[in-house]
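Here is a short report on one protein model.

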Amino acid sequence: MRVCSPTRNEFQRVINNPLTLLTAACLFLFSATTHSSFAQESQSSPQAAGHSITLAAEDSWPPFANQFGQGISHRLIAAAFKQSQVEVNSLVVPYSRALMMAEKGAVDGVFNVTREASTEQRFVFGNTPLFVAKASFYQRKQRPLIAANKWEIPKGSIVGVIKSYEYGDEFPELVKQRQLNVITVANQQQLINLLMIGRVDAAVMFDLVAQENLQKMGVSDDVIPAFNNHSSEIYLAFSKENPKAAQLAKELDLGLTQLKANGQYQQLLSTK
């Protein structure tokens, strides 16, 4: 079938018609504006841009985060950010290094930080914690502490803790008031070993973490909790060096809220 082209006279009539020219100009401008808006929206969309963040994750705090990049915190954070189409990449390192990396801006944030006076000066936090973790003083069963609570710990006692961990706003005052000698080590296994050989009188450990490590080491009957130290709201802390830290905190808050609303949160929190 042959398609006829407009004759020269017809083309001339179109050009000479002001209404036709105005309509064509409007259509051209609308098309250009629509294309520009779509391009900008595509560039600003996290999904279209493949938006991702890099977080430093602690390597020795199971069941929340272990050396394999697995645990409750990994699942919660990934699932919460998935609600905003944000991909999470994790670097598994010792906790003290994770804090330093986030503080210097080498990563966007750091896992499992207690929100307290000391950390609020260093990082950006959202409004919603990942979870609440309880910590206790642990003692050797055959060598119990002569105290009913932490404020009655005998003066001069030797207490083991993990390097760079946060133990609540009261802990510095407790150390000062009870004149405690604090020994700092790198991980939970070292703390437990110090208790077993009598190098420390007590060790502060988060309960779920202590249970996991005591079972693995086969000493659950030998090292037991004495009394509570504190309960921590555990957060994903964001680097102040990242200009988008506040926005990331909002996205995480929104994701956690959505997970709680649809029932996924409790499943992720309780899954081994």
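## Overall make-up

The protein chain has eleven helices and nine strands. Helices (H or I, at least four residues) and strands (E, at least two) are DSSP runs, numbered from the N terminus. This is a predicted model, in which local features need pLDDT of at least 70, side-chain atom pairs count only at pLDDT 80 or more, and totals for chains, interfaces and linings use all residues. Residues are numbered from 1 along each chain as its sequence is written, and side-chain values use heavy atoms, with hydrogens and water left out.

Of the 272 residues, 40% count as buried. Buried means under 20% relative accessible area, exposed means over 50%, and partly exposed lies in between (1.4 Å probe, protein chains only). The accessible surface of the chain comes to about 15,300 Å². Carbon and sulfur atoms hold 53% of that surface. The areas come from the Shrake-Rupley method with a 1.4 Å probe; for residues, only the protein chains shown count as cover.

## Helix 10

Helix 10 covers residues 245-261, 17 residues in total. From first C-alpha to last it reaches 24 Å, close to the 24 Å expected at 1.5 Å a residue. The expected span is 1.5 Å times one less than the number of residues. Glycine 263 follows helix 10, with a positive phi near 90°.

The buried residues of helix 10 include Leu248, Leu252, Leu256 and Leu259. An α-helix has 3.6 residues a turn, so residues three or four places apart point the same way. The buried residues of helix 10 pack against strand 1 (52-58), helix 4 (72-82), strand 4 (123-124), strand 9 (223-239) and helix 11 (264-270).

## Helix 4 against helix 10

The axes of helix 4 and helix 10 come within 7 Å and cross at roughly 100°. Axes are lines fitted to C-alpha atoms, for helices over the stretch in contact, and angles run from 0 to 180 degrees between N-to-C directions. The two helices are therefore roughly perpendicular to each other, a label for angles of 65 to 115 degrees (under 35 is roughly parallel, over 145 roughly antiparallel, the rest oblique).

Helix 4 brings Leu76, Ala79, Ala80 and Phe81 to the meeting. Helix 10 brings Leu248, Glu251, Leu252, Gly255, Leu256 and Leu259.

## Strand 9 and its partners

Two strands pair if DSSP finds at least two bridges between them. Strand 5 (residues 131-140) runs antiparallel to strand 9, and ten bridges join them. Arginine 140 has valine 223 as its bridge partner in strand 9.

Strand 3 (residues 109-114) also pairs with strand 9 in the antiparallel sense, over four bridges. Here valine 110 stands opposite alanine 237. Strand 4 is antiparallel to strand 9 too, through two bridges. Phenylalanine 123 stands opposite serine 239.

## Backbone details in loops

The peptide bond from proline 62 to proline 63 is cis, with omega near 10°. Proline 63 is in the loop between strand 1 and helix 4.

Glutamine 85 has a positive phi near 60° without being a glycine. Its loop runs between helix 4 and strand 2 (87-93). At 43% relative accessibility, glutamine 85 is partly exposed. Serine 164, also not a glycine, has a positive phi of about 75°. Serine 164 lies between strand 6 (158-162) and helix 7 (171-177), and is partly exposed at 32%.

Key: Contact means heavy atoms within 4.5 Å.
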